[in-house]
Amino acid sequence: MFGRSRSWVGGGHGKAARSIHSLDHLKYMYHILTKNTTVTDHNRNLLVETIRSITEILIWGDQNDSSVFDFFLEKNMFVFFLNILRQKSGRYVCVQLLQTLNILFENISHETSLYYLLSNNYVNSIIVHKFDFSDEEIMAYYISFLKTLSLKLNNHTVHFFYNEHTNDFALYTEAIKFFNHPESMVRIAVRTITLNVYKVDNQPMLHYIRDKTAVPYFSNLVWFIGSHVIELDNCVQTDEEHRNRGKLSDLVAEHLDHLHYLNDILIINCEFLNDVLTDHLLNRLFLPLYVYSLVNQDKGGERPKISLQVSLYLLSQVFLIIHYAPLVNALAEVILNGDLSVFSSKVEQDIQKNSAKSSIRCFIKPTETLERSLEINKQKGKKRVQKRPNYKNVGEEDEEERGSEDNQDDVDKTKGTEASSKGIKTSSENEEIEMVIMERCKLSELSISTVTEQNTTDEEKSAAASGSEITNWNRPFLDMVYNALDCAEDDYYALFVLCLLYAMSHNKGIDPVKLERIQLPAQHAEERNSYNHVLAEGLIRIMNYAAQPDGKIRLATLELGCLLLKQLVFSKNGSIIKDVHLACLEGAREESVHLLRRFYKGEEIFLDMFEDEYRSMTIKPMNVEYLMMDASILLPPTGTPLTGIDFVKRLPCGDVERTRRAIRVFFMLRSLSLHLRDEPETQLPLTREEDLIKTDDVLDLNNSDLIACTVITKDGGQVQRFLAVDIYQMSLVEPDVARLGWGVVKFAGLLQDMQVTGVEDDSRALNIIIHKPASSPHSKPFPILQATFIFSDHIRCIIAKQRLAKGRIQARRMKMQRIAALLDLPVQPSTEVVMGFGHSSAATAQHLPFRFYDQARRGSSDPTVQRSVFASVDKVPGFAVAQCINQHNPSPLSSPSPSSGSGSTGRCDSVTASSTSTPSVAQSPSVRSGRKGRRRVFSLSEADSHGGHWV
């Protein structure tokens, strides 16, 4: 039948074949459906193909012909889809039907067309149809179908899904049943559906969600999140050898997804939903599981607990992600000012009420599954509409005031205590929320009054922050924070405490007044004149430990401590750090200098590590959000790189890593010291970008030693260039057409990153490779120049090789001398002259051998700037030596330095020292360079008249 039908559609009628997307073809598809109302093995494929064709026609009609939907609605064609589903015709038909429906609703754009499809409630019938969800494919298409429908929700379309009269919202209630599905993609789809529902500003629908679904859904969701947390804690406890990091990473990622989902709900700002969610999060997850575990590590108690490091880690994530003020303020209030009475006083207040409410602020499993709770609430809604006796519907607002004690006794007898507890929790949810808010207000008022009484002097305020003078107010959670900063053995807990303090101080929802009670300033705090001495001393101790040879402080901990100390002692008017603390910090910096001296070596690797570490620290500063996404820091600190953990998050292994660590500690403490003393950094980095020659700079090459060469790049390109060598760089230049003796830089590269090798079969050629400075010590060097340089004869080739080799040695030596000066080591000035330049005594004494070329660079407004007629070869690298002169007033600066003689490079008149250059060994009578068919010869007399030597 299927084969004959397709033949008839495709070939029997050419007109039908040519107009598949038409109303006539839809009528024909309708005819097929009427003839095949029962699904059999013979017509199954035909029906699937028919449904696909109908979907295509409907999508086409949405854009082109509204009569298509008129016919679809007139014939009630959705009934056929529903009948096919109800026949239990097998997974093949179900999958194809769900797939085509998903495609149909995704591609419908006109609201009128959408209203046609949603009318008559057939879509809701498909939603509540009992599919075989054990089939992964059916599950995937079904949840995708629900998500597509949720994307179409607005104030108008919501009435097609939410029935206010029957209190039924199948799209939402059917979706949330899969909130804990084993497949992560299904859980993500459920979160998307719920968020799309919450965003619709329809008050009756939102009230239905609050009254009928919010408590069961949020209570089960909180239990689901807590179960994951306990599983995560078990994984940490049993994985000291780092063998299950994959599973641990998945659990951490899942917790992050949960927090982002909760934050998405809260920022929708539906007040009564936020109240219910906040109450459940605080009283059934964050306080009883996360916060309670901070000071109660006895696993033998009745309450479930997690380890201290996991608790601190998860709380840091909470404050980094969630910024909803009522939630984060209440949580911060308990951590900073609360005690264990928050877990007992609430229970004592509620003992006289009922057993269900005595479980608040406890992490307990809901008495009913979500699906069962929804079914009970659905039955309650039906009973209410039909005016039947309200023997179950204890939670209805209209029935609360009626005498239903006898009915409640019946419920207890028939359904048991658990169902009764569920009903009571549902009915009194608003009362619970009000009690939580009132309790928070009382605690907040108590805290404010206490600090106000003590807020007389800086000393008393600091004492209040440390808790040293408060005898009647025990703050175990805050004491744990201070105690964890002790890193005498390791920084396992200190890193998490620093992350928690950082997250709280940067949380936009926390009231700065709460942080000021412990004198922890918010991110944008106002002017102040005091700070938390106890916290500052704890941070400085961490820095002292880090500067010790056997220190167990990881770089991430040190960097985070530096960030917090800057935030702690800085106000709008600058640093307010006390002299004693600054002296302790300077002592730690001196220790870091002594530590780095132990690793200072004259080897090349030390210079490369020194510059690599500075570059890495500058390019990639600490990102606490990313740090708190890494599950590996939950495991005990390790010293082996075999775990794959980033270097800053573990201890060093071997001399090379210990050297890298010492360098990084030196950088951090030096930067912090300069920052607190409000002094600029003048010595680092060793190579400043603004001091280097760059491509397209126009330089005065008079008095400079140049060697003509042909550059053959790796891709076969061939260009004529002049090679010049400076103190730190080599450059490839071409003559400037605007000025005689000037050149345009086509490439510049550092001598220290260069490799020069000869070519075996050609004595006139050199292979030169210049690597780009690595962004990290583990990255593979990337060559920015890889070319063959061919000179006119072997003499010039030897000169170039010697000049480049000696230039590389001297450049590295000068940088090592600058490092030695930073470490207060004795520096022996080098009097060795490199081919092409030497060092003056002034340059050596200043330890700042940079050459500044800013005055030699011409701006675009300079009328003398002209583009070179040479072809641009950006791929060809090189460097040039130039004399810094003022282009607008060249006369006083363009003359050679009197101290350097006619054969030396000129003195740079900016802040850096000058360098001298020896005359070229060989001179050529002329250098020819062709441009667009023209030939220009630089004669020897021209070169001599400008004081330069062309080789």
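Modeller: Let us start with the chain as a whole, where, among contacts between residues at least 6 apart in sequence, 72% join residues at least 24 apart. Please keep in mind that this is a predicted model. The chain has 35 helices and 17 strands, and 54% of its 951 residues count as buried.

Biologist: What makes helix H3 roughly parallel to helix H5?

Modeller: The axes of H3 (residues 23–35) and H5 (residues 67–74) come within 10 Å and cross at roughly 20°. Angles under 35 degrees count as roughly parallel, and therefore H3 is described as roughly parallel to H5. The crossing of H3 past H5 is right-handed.

Biologist: Which residues of H3 and H5 meet there, and how do they divide by class?

Modeller: From H3 come Leu23, Leu26, Lys27 and Tyr30, which meet Ser67, Val68 and Phe71 of H5. By class, this contact comprises five nonpolar residues, one polar residue and one charged residue.

Biologist: Which residues of helix H6 are buried, and what do they pack against?

Modeller: In H6 (residues 78–86) the buried residues are Phe78, Phe80, Phe81, Leu82, Ile84 and Leu85. These buried residues pack against H3 and H5, and also against helix H4 (44–64), helix H7 (91–107), helix H8 (111–118) and H9. Just after H6, Lys88 takes a positive phi of about 50°.

Biologist: Why is the pair of Phe133 and Phe178 called edge-to-face?

Modeller: A search of the whole structure finds 25 aromatic pairs. For Phe133 and Phe178, the ring centres are 5.1 Å apart and the planes stand at 75°, so the pair is edge-to-face; the cut-offs here are centres within 6.5 Å and planes over 60 degrees apart. The pair links distant parts of the chain, 45 residues apart, with Phe133 in the loop between helix H9 (122–127) and helix H10 (136–151) and Phe178 in the loop between helix H12 (170–176) and helix H13 (184–198).

Biologist: How do you know whether Phe133 is buried, partly exposed or exposed, and how is Phe178 classed?

Modeller: Buried means under 20% relative accessible area and exposed means over 50%, with partly exposed in between. Phe133 has a relative accessible area of 25%, and is therefore partly exposed, whereas Phe178, with 12%, is buried.

Biologist: Which residues do ring pairs link into a cluster?

Modeller: Ring pairs link Tyr600, Phe606, Phe610, Tyr614, Phe666 and Phe667 into a cluster.

Biologist: What makes the backbone at Asn269 and at Asn703 worth a remark?

Modeller: Most residues other than glycine have a negative phi. Asn269 has a phi near 65°, a positive value in a residue other than glycine, and Asn703 likewise has a positive value, near 70°. Asn269 is found in the loop between helix H15 (245–268) and helix H16 (271–291), while Asn703 is found in the loop between S5 and strand S6 (705–713).

Biologist: Why does Asn269 count as exposed, and how does Asn703 count?

Modeller: The relative accessibility of Asn269 is 57%, so Asn269 counts as exposed, given that exposed means over 50%. For Asn703 the value is 3%, and so Asn703 counts as buried.

Biologist: Where does Pro685 lie, and is the peptide bond from Leu684 to Pro685 cis or trans?

Modeller: Pro685 lies in the loop between helix H32 (654–676) and strand S5 (698–700). The bond from Leu684 to Pro685 has an omega near -5° and is cis, whereas most peptide bonds are trans.

Biologist: Why is Glu611 called buried, and what is Glu611 in contact with?

Modeller: Glu611, in helix H30 (residues 604–619), has 10% relative accessibility and therefore counts as buried. Leaving aside neighbours within four places in sequence, Glu611 is in contact with Leu686, Thr687, Gln752 and Lys815.

Biologist: How do you know that Val158 is buried?

Modeller: Val158, which lies in helix H11 (residues 158–161), has a relative accessible area of 1%, so Val158 is buried. Beyond its neighbours within four places in sequence, Val158 is in contact with Leu153, Val200, Asn202 and Met205. The C-alpha atoms of Val158 and Val197 are separated by 8.7 Å, although these residues are 39 apart along the chain.

How values were computed. Residues are numbered from 1 along each chain as its sequence is written. This is a predicted model: local features need pLDDT of at least 70, side-chain atom pairs count only at pLDDT 80 or more; totals for chains, interfaces and linings use all residues. Side-chain values use heavy atoms; hydrogens and water are left out. Axes are lines fitted to C-alpha atoms, for helices over the stretch in contact, and angles run from 0 to 180 degrees between N-to-C directions. Helices (H or I, at least four residues) and strands (E, at least two) are DSSP runs, numbered from the N terminus. Angles under 35 degrees count as roughly parallel, over 145 as roughly antiparallel, 65 to 115 as roughly perpendicular and the rest as oblique. A crossing is left-handed if the near helix is turned anticlockwise from the far one by less than a right angle, and right-handed if clockwise. Contact means heavy atoms within 4.5 Å. Ala, Val, Leu, Ile, Met, Phe, Trp, Tyr, Cys and Pro count as nonpolar, Asp, Glu, Lys and Arg as charged, and the others, Gly among them, as polar. Rings of Phe, Tyr and Trp (its six-membered ring) pair if their centres lie within 6.5 Å; planes under 30 degrees apart count as stacked, over 60 as edge-to-face and the rest as tilted. Buried means under 20% relative accessible area, exposed over 50%, partly exposed in between (1.4 Å probe, protein chains only).
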